Amino acid sequence: MTKYKNNNELRHIKKKKTKNKTKKAKTKKVFTKPFVFFLILGSIAIAFYQVINHNVYKISSIEVTGNRKYKDQDIIAFLDNPIEKNIITYKTSEYENKLLEIDDIKNAKIEKEYPNILKVKIDEVYPMMYVSTNDGIYYINNESNIMDSSKVDQDMLKELIEVRGLKEINKSKKFTKDKKILEFIKQIQKYDFSTLITKLDFENRSDIGIMYSDIDVNFGSLENLDYKLKLLSTVIEDINQKNIKAKKIMLNQGDNPVVVVDNE
């Protein structure tokens with residue numbers, strides 16, 4: 001048999017339900033959307049502050065490559081010495097543009113290697129060679145252009161490559177009209193051994209002469225240039241690793257290079 005509650009009991013039950021709903025509503029209002037938003041925002045701000053002030057993100061090393069005219073210390077000074085600065089907030093594009101304002105720097109790229117290393121790669125225009133003629137000495141940069149002698153740093157003269165055997169000097173723009181010689185000069189700069197070359201002799205076009213440190217190199221012709229430069233690089237690397245006292249390298253004796261050893 002179904003029992004029905006009277007009206008007073010029903011009103012009492014409804015009041016309890018209403019009170020419970022009100023309590024739940026009041027509890028929900030504590031975590032409103034604006035409150036949650038500012039809570040998250042605050043947490044992000046605190047985390048960001050801790051990150052940018054953490055020692056692990058302070059620049060501790062700067063690697064500079066591609067520089068010949070300017071020393072590493074010069075480049076670092078141009079970058080306002082970023083050691084101990086935060087790598088995250090360091091503005092690479094701003095300092096790339098600053099490097100490009102410097103004379104003889106034509107390209108600059110700064111990369112971040114997290115957590116604390118900056119890598120700086122630059123391309124310079126610098127004096128590389130010189131040619132002595134009856135009219136005087138002509139200085140040639142790494143792009144094969146004749147330079148204004150007043151812009152040549154006297155401290156670099158001893159590092160320049162002496163060029164011999166040219167039939168004529170083109171006194172405007174490129175120092176020679178010979179495209180094969182220009183390509184040779186361009187390609188040889190890709191190899192580390194080029195920094196120790198002291199002389200280039202183009203008098204005999206079938207056998208180009210190279211003086212590498214104290215080693216005389218018979219390069220042969222300028223045909224198969226890429227292959228022969230790689231081969232020369234391999235031979236020089238082998239000589240250095242094995243500490244061989246070589247006095248001549250001949251690449252003009254067929255497919256296999258010949259190394260003449262100083263027996264003294």
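Student: How many residues lie between β7 and β8 in their hairpin?
Tutor: The model is predicted: local features need pLDDT of at least 70, side-chain atom pairs count only at pLDDT 80 or more, and totals for chains, interfaces and linings use all residues. Residues are numbered from 1 along each chain as its sequence is written; side-chain values use heavy atoms, without hydrogens and water. Strands (E, at least two residues) and helices (H or I, at least four) are DSSP runs, numbered from the N terminus. The number between β7 and β8 is six.

Student: Over how many bridges do β7 and β8 pair?
Tutor: Pairing requires at least two DSSP bridges between two strands. β7 spans residues 197-201, and β8 spans 208-212. D201 sits opposite G209 of β8. The sense is antiparallel, and the bridges number four.

Student: Which residue in the turn between β8 and β9 has a positive phi?
Tutor: β8 and β9 run antiparallel, joined by five bridges. I208 has G220 of β9 as its bridge partner. Two residues separate the strands of this hairpin; the one with a phi of about 50° is S213.

Student: Which strands stand at the edges of the open sheet?
Tutor: The sheet has eight strands in the order β5-β4-β6-β7-β8-β9-β10-β11, with mixed pairing. Each edge strand has a single partner, so one of its sides lacks a neighbour in the sheet. The edges are β5 (136-141) and β11 (258-261).

Student: At what angle does α6 run to β9?
Tutor: Axes are lines fitted to C-alpha atoms, for helices over the stretch in contact (heavy atoms within 4.5 Å), and angles between N-to-C directions run from 0 to 180 degrees. Helix α6 (225-242) lies across β8, β9, β10 and β11. Its angle to β9 (215-220) is about 155°.
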